[in-house]
Amino acid sequence: MQSVTTVERLVDLLDPTANVLLNMTPDQAAQAVASGDPVRVDAIEGQFAILQKQGNVVRMARSIGRPMRYFLAKQVAGPCLIVAERIEEIQAWLEQAGLQDQFHPSYTRMVPAHYLVEIALVGCPDPNPQYHRYLAPCRNTLPADVDAIGRQYISALAEQCDRWLDSIPRQAPIGVLFSGGIDSGAVFLVLHYLMLRRGESPARLKAFTLSIDGGTDAAQAKAFLDQLDMSMFLEVIDVERAQVDFREAIRVIEDYKPLDVQSATMAYALCREIRNRYPDWKYLADGDGGDENLKDYPIEENPELTIRSVLNNLMLYQEGWGVDAIKHSLVYSGGQSRGHVRSFAPARVLGFHGFSPFALPKVISVAEAIPFIELTDWDHERLYALKGEVVKRGVDAVTQVSMPIFDKCRFQRGAVDEAGFASIFPASERAYRDAYAKHFE
């Protein structure tokens with residue numbers, strides 16, 4: 001029988017100040033994770049990545065809103081667990097420790113969102129992580145009433161945004177990454193409403209819209225705010241096409257999936273220019289997560305999906321196929337649990353504190369309670385139309401503002417015209433993979 005050596009070496013490179021905790025202190029959140037009780041972890045509101053060690057057991061938990069990666073290094077005395085936000089942070093530590101020969105990006109692991117992950121720090125053989133789900137929303141519990149659904153969904157969003165406002169300085173300026181689309185529009189209007197309700201000046205709020213040599217988002221953002229007599233909040237950020245490089249975005253997000261790289265390329269261009277204009281700006285909010293919550297992706301574009309798989313699987317767009325599925329990737333996890341880095345990392349590497357309220361567990365839980373099958377009867381077009389109806393009615397009910405609705409357009413498509421898009425992004429996925437591999441050479 002093979003002997004097992006107990007080892008207790010842990011390297012924690014996480015920055016606790018990057019967590020956004022809305023209902024408890026950092027110590028209370030840490031104690032919840034340390035307890036090993038998924039119910040206590042589920043009580044944490046906000047976006048977070050938390051690590052705790054009890055004896056030789058390491059426990060990790062994260063929401064979608066913040067990445068969390070780990071790597072098990074081999075040493076004579078036994079394995080050493082390194083935990084960090086970024087792959088390059090793990091790589092740098094290994095180089096400093098003289099263990100660079102062990103590194104490869106595919107050996108890193110991502111903690112999947114919504115799970116409490118346990119790893120026992122013992123010697124050979126290496127243990128597999130144990131997964132305990134902490135977010136398990138009840139599905140299909142809301143009535144098939146779009147008005148009631150919208151009100152509850154946006155009320156949950158507003159409650160989380162209100163707690164976020166409590167957590168930041170009262171006079172701090174807030175920027176919304178704004179396209180005039182459904183999700184960024186809802187976040188902007190809810191924040192504006194909350195500031196007025198709190199007796200705070202909404203002048204601290206700004207809608208930042210990216211425009212790269214044209215594109216439809218700038219006109220859409222202007223039309224959205226003009227309809228509401230709020231054009232004074234808009235700031236269009238003009239960026240030249242020559243300043244946009246998808247390879248830079250791959251370095252920032254440490255991933256190669258084309259749609260995520262394209263979105264991150266635009267997010268990085270926007271955040272970089274905001275930083276150039278406003279060196280001291282700190283807080284940014286965005287609408288990332290809204291598409292996943294309301295299942296608003298063209299199913300026809302993904303040959304692996306059917307409307308039945310989308311509507312029958314819990315949080316499919318947020319989590320992918322799940323940790324027990326053969327398609328689950330230990331390196332990146334699945335769904336928005338992987339892809340949210342497209343929004344988080346560009347803001348983070350440029351010194352911003354980002355906030356994505358649609359990706360918070362409490363908002364996701366309300367979305368999962370929507371009876372999608374009953375409302376759509378398995379019809380694609382009814383599903384795609386549902387998001388606009390739910391969000392508009394919810395925003396109207398909560399803020400008493402009639403939100404404009406425009407046709408859906410992905411961020412990377414709305415910020416630049418078709419010719420510009422084709423000149424920035426390669427058509428072949430291989431080019432993205434090659435750039436990713438080159439980054440880690």
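Predicted model: local features only at pLDDT ≥ 70, side-chain atom pairs only at ≥ 80, totals over all residues.
Residues are numbered from 1 along each chain as its sequence is written, and side-chain values use heavy atoms, with hydrogens and water left out.

The protein contains 19 helices and 15 strands, where helices (H or I, at least four residues) and strands (E, at least two) are DSSP runs numbered from the N terminus. Its radius of gyration is 22 Å, close to the 22 Å that the globule rule gives for 441 residues, so the protein is as compact as a globular protein of that length; the radius is taken over C-alpha atoms, and the rule is 2.2 Å times the number of residues to the power 0.38. Along the principal axes, the C-alpha atoms fill a box of roughly 70 × 50 × 45 Å. Of the 441 residues, 57% are buried, a term that stands for under 20% relative accessible area with a 1.4 Å probe and protein chains only. Among the contacts with a separation of 6 or more, 74% join residues 24 or more positions apart, a contact being heavy atoms within 4.5 Å.

Strand 8 pairs with strand 6 (residues 69–73) in the antiparallel sense over 2 bridges, and Met-110 in strand 8 is the bridge partner of Arg-69.

On a 1 Å grid over the protein atoms alone, a cavity is a set of points where a 1.4 Å probe fits but cannot get out, a pocket is an open set with protein on both sides within 12 Å along at least five of seven lines, and lining residues have an atom within 4 Å of a point. Grid points are joined across faces, edges and corners, and a volume is the space filled by probe spheres set on the points.

The count comes to 3 cavities of 30 Å³ or more, and the largest cavity has a volume of about 100 Å³. Its lining has 14 residues, of which Ser-343, Phe-344, Ala-347, Gly-354 and Phe-355 are the closest to its centre. Helix 13 (341–349) and strand 15 (353–355) are the elements that give two or more residues to this lining, and helix 13 supplies the largest share, 4 residues.

The second largest cavity holds about 40 Å³ of space, and its lining includes Met-110, Arg-338 and Phe-344. Here the elements that give two or more residues are helix 12 (336–339) and helix 13.

The second largest pocket has a volume of about 540 Å³ and is lined by 29 residues, with Pro-16, Thr-17, Ala-18, Asn-19 and Val-20 nearest its centre. Among the elements that each supply at least two residues of this lining are helix 1 (26–35), strand 4 (49–54), helix 13 and strand 15, and strand 4 gives the largest share, 4 residues.

Conventions
Pairing = 2+ DSSP bridges. Buried < 20%, exposed > 50% of the residue type's maximum accessible area, 1.4 Å probe, protein only.
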